[in-house]
Amino acid sequence: MMKQTLLYSALLASALVCADVRNGSFDRKGGKPPTQATVEAYRKAGIECPDAKDWTPYWGTLGKSGKIEFITRGGVRGRFVRLSKGACIRGYHGLKLDQDISVELYLRGKGEFSISFANYARNGKRTVFLHPAKGIKPVYVNVDSDVWTRYTFTFPKPADVWNIHPYLTARKGTIDVDEVRLRHTGTNYLAVGKGEMRLRKEKLFITGKAEVALDANAKKYIDIFKTQYDRLKTFGSARYTNIPAQDLMQLLEELKPYVLTDGIKSIKVDHWNRMNALSYAVEEMTGDPIQMPGAPVKASAGKAAPRAAANPNAAPVAITTIKPSRIRYNENDKGSVQYTLVNNTGAPLNGTLQITMRKGLHDEKTLKNASVTLKPGAQNFTASYNVGPETFGREIEISFTSSKGTVVKKEYFQVAKEFMRVMMHGTGKYQNFTHFFASETSDFGIKKTDDLEYLSAQPRYHMRWKSRLPWFRHLKRDRGFVTSFYQAKAFAAQQGIEEVRKHPEFILYDENGQPAKDFFYGGIPDPFEIASPIEINKERRKKILDGRDFLDVRLSGWHHYIPDFTNLDCVEYATKCIRDYQKAVGFDVMYLDNTPTVTVGYTYEGKQNIAGLTPTQVADLNAKIAHAWNGGLRKDNPDAGSWCNGVNPGSARWQRSLGRWVNTAGMGVDTPEFKDPNDNFIRAMTSYSNIMLLSEVQHVFAPRHEIDARYPDKWLRDCLERRDYLVQKYKSNVVVGYIGTHYRGAKPMPRNAYWPTLSYFLATIAATQHHHIIYTEALPVRDAFDQFVTRYSCFIWDKELVAYSKADAKKNFKVESPKPLLWEDFVYNRKYADSEITVMHLVRPYPLKKWDLDWEIPATMLNNVKVSYPIPAGKKPVMAKAMRPNLPEEADQVVEKILPMTVKNGKVEVTVPAFSYYSMVAIKFR
């Protein structure tokens, strides 16, 4: 047994530490592809391949035949490579190889595929080519599948190999390749790779189908995995210092929800193959043999997605459309709703039409109640209303009652003058906010010009005023959108540099007297670029150049001069330019991709700008800057909006870990590197209305990124910290993003795409008072939650909602549930003039350790959850209500129900209607 322990001594401790082949996802981000000259050399040798601009960086090829294609859609997550006619692609690894390795990749197609390596040795300080006979031996596999299948291959490291580059070859037929990963595996094979090789040898490795149906034979394999799971657990606990067993158990724990969750009827093939490979790995670890069933298992093509939409022609009467004139109104605005009723009876039908508007918990106003006669077919109607004085969400309900029954349909919108309080940003149906990232002619010193077309200052977007202005003016006027534009904390591009020429005292310099380079964005552009015209419309540009072709230079991106925010004249100048630009163009909001605080540097006079200042004085200076910035932006309009990036505890920790405490002083946040002298800056930041504070969190759902946000428990921890700091303590608003969930599956997109994981995720967003920015295609699950948040924003974003501490919630409230629930951090109270409402969010815990959008197992409905609330002194309960977003099989409207209440011993108890991922329960006391 000691030998087995040593065998696995380094097994999975480093399994998650990847040394990926660069750009193994073929996404073309970063690095440089082959030059066109190199591509022409490939073609001259006899290889069919695309132009250099279409190659993926870090990949090349060799040989005298073959065809290589980079396909933009249809891969595991997007772009992939197709190899045929004997083609190979050569990847770049470039890291020292000091352990055995495994290669994981996805394959599809029909033919013979091989993985081989260019092997390199070390001769002193030189890297030299190693003869193949002394290097890593290639592997070969036959592929016959029209769906992507994950393969794992393991390779022992020969003594002389110091470094490798992988070669992927379609020896026969046509093979698609994607998501190539190369991992160190310790001193021996990665468990899953070694077990998988055994599966392939025994012809138990499944390909060609998406899923394995769980029939009687398949359940025998499941039972073996259960046995192996229990066996390894016993084995590891008996040897509590056995690190290899613990590492192997980690992989089994991660896989367990995918194969042992109650109610599943099929398992994805990739999970199926890994399950059986791990069963073999446990056999080797414990020394206890297993016997796999020999009969083949039944594979299936996949599950059909449920649909909620019903055919309106099948019902006697249907309401097919409800469309409010705006998605956001100001208080007391006049609005209207268009709706369509369809009479399918073939004859006139008498009935009662009722239109109701609701807000708050269940405050309602009847807008229309009248007898109507519907003609056969579809009829369009319009109803007008006043939205009323209260901020937050509204519901419009239209019902028609006749001898054929009652049909009901609802729609939702926001009402708020303080529009950042109800900011819904992204690309969803309920979006009421649109933002133009880095799309202007400059950042600081921004001015409207008469240029028709230009390249934006940072990413060089091709912008056209002719199409841009009418589009967002339509959004503002006709849909109630708020429009926002971007400013980096910098003078940028031709216009910005021209401002610096006029005001050299506005920027920072290095100790040698040269303009300082920006910490984030870097360089300073070529003088010819700055002298080149902004206008890029061909006719106008030619006229402006007037024969000076030496100035026909294309602008490069990401160049900045850093403003000196300790110079309040610079701050005042910048805010005046922004105000004037907003008036000229029509923007409502300005976004600063930074914090309005001190940046350390040298002034135009050559003095260090905070020399001699104590931490307290720096914190107070940051507060002055915040007031100058936010006050300046609102000088002409107190209702103007602004948002910025990085004002949160997590950002303070990160900045200070880099030695940059100055720009976070005054946040009232202590870190090991810096004890904050006060919270004057954050108080200054949050003392204005229409402020939103962004916590820039990306890659939440990106498998290749190891960040805290990838883990649900750490994500929730950070959300609670931001809530308690920004929303609860300082009564501000917090938004997280930009989070991508771009759908890359089969088209058309199924209704339930990403529904389970995003339901769990969005539940934490709502329960912790956050706003989100999720960019994707039109995902019904996101629209369902955004719809819910639109209706009940008053119980999520109201700054007067007070959160109970976790200890007080557990002490005063009681939740009885047959399955685990998260709720103790999500209890809030809101006091009104004559009443108060207590709100509780019930959140199901996510079943995986990491967010996984491909987790497709829906949560089972949870029944018989009982919730007990304390009754405030001098008041009694008057209404209880449960509400949640719809599920994929339900109609697209909020699911809600007024609940019966039981009062006993100073508490009110309700039973929550069945829910799967999330429910909000609110009780009103008067």
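**Classification of residues and strands**

Analyst: In this predicted model, Glu-499 has a relative accessible area of 3% and is therefore buried.

User: What makes Glu-499 and Lys-502 a salt bridge?

Analyst: The closest N and O atoms of Glu-499 and Lys-502 are 3.6 Å apart, and the criterion requires a Lys or Arg side-chain nitrogen within 4 Å of a carboxyl oxygen of Asp or Glu. The two residues lie three residues apart in helix 8 (residues 493-502), so about one helical turn separates them.

User: Why is Lys-881 called buried?

Analyst: The limit for buried is under 20% relative accessible area; Lys-881 counts as buried because its relative accessibility is 1%. Its side chain meets that of Glu-896 in a salt bridge (3.3 Å, N to O). This pair links distant parts of the chain, with Lys-881 in strand 37 (residues 877-884) and Glu-896 in strand 38 (residues 895-898), 15 residues apart.

User: What makes strand 33 and strand 39 edge strands of their sheet?

Analyst: The open sheet of four strands has the order 33-36-40-39, with antiparallel pairing. Strand 33 (814-816) and strand 39 (902-904) each have a single partner strand, so one side of each is left without a neighbour in the sheet.

Conventions
Residues are numbered from 1 along each chain as its sequence is written. This is a predicted model: local features need pLDDT of at least 70, side-chain atom pairs count only at pLDDT 80 or more; totals for chains, interfaces and linings use all residues. Side-chain values use heavy atoms; hydrogens and water are left out. Two strands pair if DSSP finds at least two bridges between them. Buried means under 20% relative accessible area, exposed over 50%, partly exposed in between (1.4 Å probe, protein chains only).
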